[in-house]
Amino acid sequence: MIEVSRYSAYRVMWILVFFDLPTETKKDKKAYANFKKCLQQDGFTMFQYSIYVRHCASKENMDVHIRRVQSILPQAGHVGILSITDKQFGDIQLFTGKKSTKPNAPGQQLELF
C-alpha cells in the first residue's frame, strides 16, 4: 500500500535563501559569485536576484540542505534562510507592475526510490 501522506503539500518543503552580500572589492565579488555557484550546485534555482529556492521531499531532506547552506556562508553580508511547506509556497502571489502573475515554480525535482 502506498503511503499517501508522504506526498502531502504539508510535508513537502521549500527552502528560500535570501541574501545581501557586499560587492565593493574583488574579494567581495568572488565570495558573492562563489556563494551563488554553491547554491546552484546544491540544486537551488534563482527566484529573484538575491533569492534562491529549493524543493525538498521532506523536512529531513530540508535540514540537510540548510546545513549545507550554513557551511558555505560568506564572511561578510547578510543571509536569511526560510523554510515553508509546499502548500504555503503554492499560495505565493506575485505581481509585476499592476498585473498579478502566477508563480513560476523552479524546475521539478525527480525523486527515485
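**Exercise 1.** Does D63 count as buried, partly exposed or exposed, and what is its relative accessibility?

*Solution.* The model is a predicted one, and the value to start from is the 26% relative accessibility of D63. Buried means under 20% and exposed means over 50%, with partly exposed in between, so D63 counts as partly exposed at 26%. As a next step, look at the partner of this residue: D63 forms a salt bridge with K59, and the closest N and O atoms are 3.4 Å apart. Both residues belong to helix α2, where they are four residues apart, about one turn of the helix. K59, at 44% relative accessibility, likewise counts as partly exposed.

**Exercise 2.** Find which parts of the chain are tied together by the salt bridge between R68 and D42.

*Solution.* Begin with the contact itself, in which the side chains of R68 and D42 meet at 2.7 Å, N to O. Then place each residue: R68 lies in helix α2, whereas D42 lies in the loop between α1 and β2, so the pair ties together parts that are 26 residues apart in sequence.

**Exercise 3.** Describe how the rings of F19 and Y32 are arranged.

*Solution.* The centres of the two rings are 6.1 Å apart and their planes make an angle of 65°. Planes over 60 degrees apart count as edge-to-face, so the pair of F19 and Y32 is edge-to-face.

Note on methods:
Residues are numbered from 1 along each chain as its sequence is written. This is a predicted model: local features need pLDDT of at least 70, side-chain atom pairs count only at pLDDT 80 or more; totals for chains, interfaces and linings use all residues. Side-chain values use heavy atoms; hydrogens and water are left out. Rings of Phe, Tyr and Trp (its six-membered ring) pair if their centres lie within 6.5 Å; planes under 30 degrees apart count as stacked, over 60 as edge-to-face and the rest as tilted. A salt bridge is a side-chain nitrogen of Lys or Arg within 4 Å of a carboxyl oxygen of Asp or Glu. Helices (H or I, at least four residues) and strands (E, at least two) are DSSP runs, numbered from the N terminus. Buried means under 20% relative accessible area, exposed over 50%, partly exposed in between (1.4 Å probe, protein chains only).
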